Amino acid sequence: MRIGFGRSAGVLALTMAGCMSRLSQPTQASAPADFFPLADASRWEYVVRHFPGGKAFKFVAVVRGERFVAAAGRRCRVVDETYTGFGGGFAHPVAYCRRGGFLDRVMSIEYQGTRLRDNGLKSVERRFLPVALAPGTSWEGLTNAYQLPDGSGYVVRQVHRAMLEREVVEVPAGRFRDCLRVETKALHNARTRERVIGPTVIFYYVDWYAPGVGLVKTLQTARRGEAQPISQIELISYSIAAGAGSRP
């Protein structure tokens, strides 16, 4: 599952459950709305379902504020991600770091008391989202799910495009209009230090972001446009900027 607070924390979840290319520049420079707000103390709760069977677990993301993150070498906004009902129940920090007009997701960090430390796995998603996310934007990203000391690991190359969703998106948290729809093709590969090995596994994702709210829904499929998803994420509740929650 690619949650990435959603989306790409799911690269790690997929790996546990069992290619570098030229990166394009975003095609639009500014956004009239904030589709990925990261205000301090904001909170989002999701239900994640895997099919067939619809087995579900909860996923909660809480913005903890700006911290220096040694794994990124800069100050980043830290979000605690907590999973329950999926072997989780503890907070895992993820750092969102601005770099070259994009947000990177640094996942190879953990708490040591109240301090953040680098766990050495080199888990990072480059170009997770453009800072100026807007309709008409297209870009490529690369996720290093993990890298072992011998140089082997697991990588995912993503190709994204964003467009305005003209339909109302309905989830347990409410009905959301004027969402941004981000379609992604993700190519998964194991690799050694020198080269990619084994077959390429491809998944498709559609993420919906509501203005002023953030991610409200994700669908993962094995084929583009397939009706039956492999996994689904839906927003249950949210509170933006120090508890100012609302229902559209």
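Because the model is predicted, local features are reported only at pLDDT of at least 70 and side-chain atom pairs only at pLDDT 80 or more, whereas totals for chains, interfaces and linings use all residues. Residues are numbered from 1 along each chain as its sequence is written, and side-chain values use heavy atoms, with hydrogens and water left out.

The protein chain contains 1 helix and 16 strands; helices (H or I, at least four residues) and strands (E, at least two) are DSSP runs, numbered from the N terminus. Of the 248 residues in the chain, 48% are buried, where buried denotes under 20% relative accessible area, exposed over 50%, and partly exposed the range in between (1.4 Å probe, protein chains only). The chain exposes about 11,600 Å², of which carbon and sulfur atoms supply 52%. These areas were computed by the Shrake-Rupley method with a 1.4 Å probe, and for residues only the protein chains shown count as cover.

The sheet architecture is a barrel closed by 12 strands in the order β1-β2-β3-β4-β5-β8-β9-β10-β13-β14-β15-β16, with antiparallel pairing. Two strands are taken as paired if DSSP finds at least two bridges between them.

Several pairings illustrate this arrangement. Strand β1 (residues 43–50) runs antiparallel to β16 and is joined to it by 8 bridges, with Arg43 standing opposite Ser239 of β16. Strand β15 (residues 214–221) is also antiparallel to β16, through 4 bridges, and here Thr218 has Ile233 of β16 as its bridge partner. Strand β16 itself (residues 231–239) is mostly covered, 7 of its 9 residues being buried. Strand β2 (residues 55–69) pairs with β3 in the antiparallel sense over 11 bridges, and Phe68 has Arg75 in β3 as its bridge partner. In a regular strand, side chains alternate between the two faces of the sheet.

The search for disulfides, defined as pairs of cysteine sulfur atoms within 2.5 Å, gave a count of 1. The disulfide is formed by Cys76 and Cys97, whose sulfur atoms are 2.1 Å apart. This pair links distant parts of the chain, since Cys76 belongs to strand β3 (residues 74–84) and Cys97 to strand β4 (residues 91–99), 21 residues apart. The torsion about the S-S bond of Cys76 and Cys97 is about 105°, so the disulfide is right-handed. Cys76 has a relative accessibility of 1% and therefore counts as buried; Cys97, with a relative accessible area of 3%, is likewise buried. Cys179 is buried as well, its relative accessible area being 0%.

A polar contact is a pair of N or O atoms within 3.5 Å; within protein, one must be able to donate a hydrogen and the other to accept it, and residues adjacent in sequence count only if both atoms are side-chain atoms. Such a contact, of 2.7 Å, joins the side chains of Thr184 and His160. Thr184 lies in strand β13 (residues 180–191) and is buried, with a relative accessible area of 1%.

Across the whole structure, 17 salt bridges were found, each being a side-chain nitrogen of Lys or Arg within 4 Å of a carboxyl oxygen of Asp or Glu. Arg75, the bridge partner of Phe68, forms a salt bridge with Glu66, with the closest N and O atoms 3.1 Å apart. Glu66 is partly exposed, with a relative accessible area of 42%. A further salt bridge connects the side chains of Arg175 and Glu170 (3.3 Å, N to O); Arg175 is partly exposed at a relative accessible area of 42%. The side chains of Arg181 and Glu183 also meet in a salt bridge (2.8 Å, N to O). Arg181 counts as partly exposed at 22% relative accessibility, whereas Glu183, at 13%, counts as buried. Through salt bridges that share partners, Arg161, Glu165, Arg181 and Glu183 are joined into one network.

Asp40 is located in the loop between α1 (9–17) and β1 and counts as partly exposed at 44% relative accessibility. Its C-alpha atom is separated by 8.7 Å from that of Arg77, which is 37 residues apart from Asp40 along the chain.
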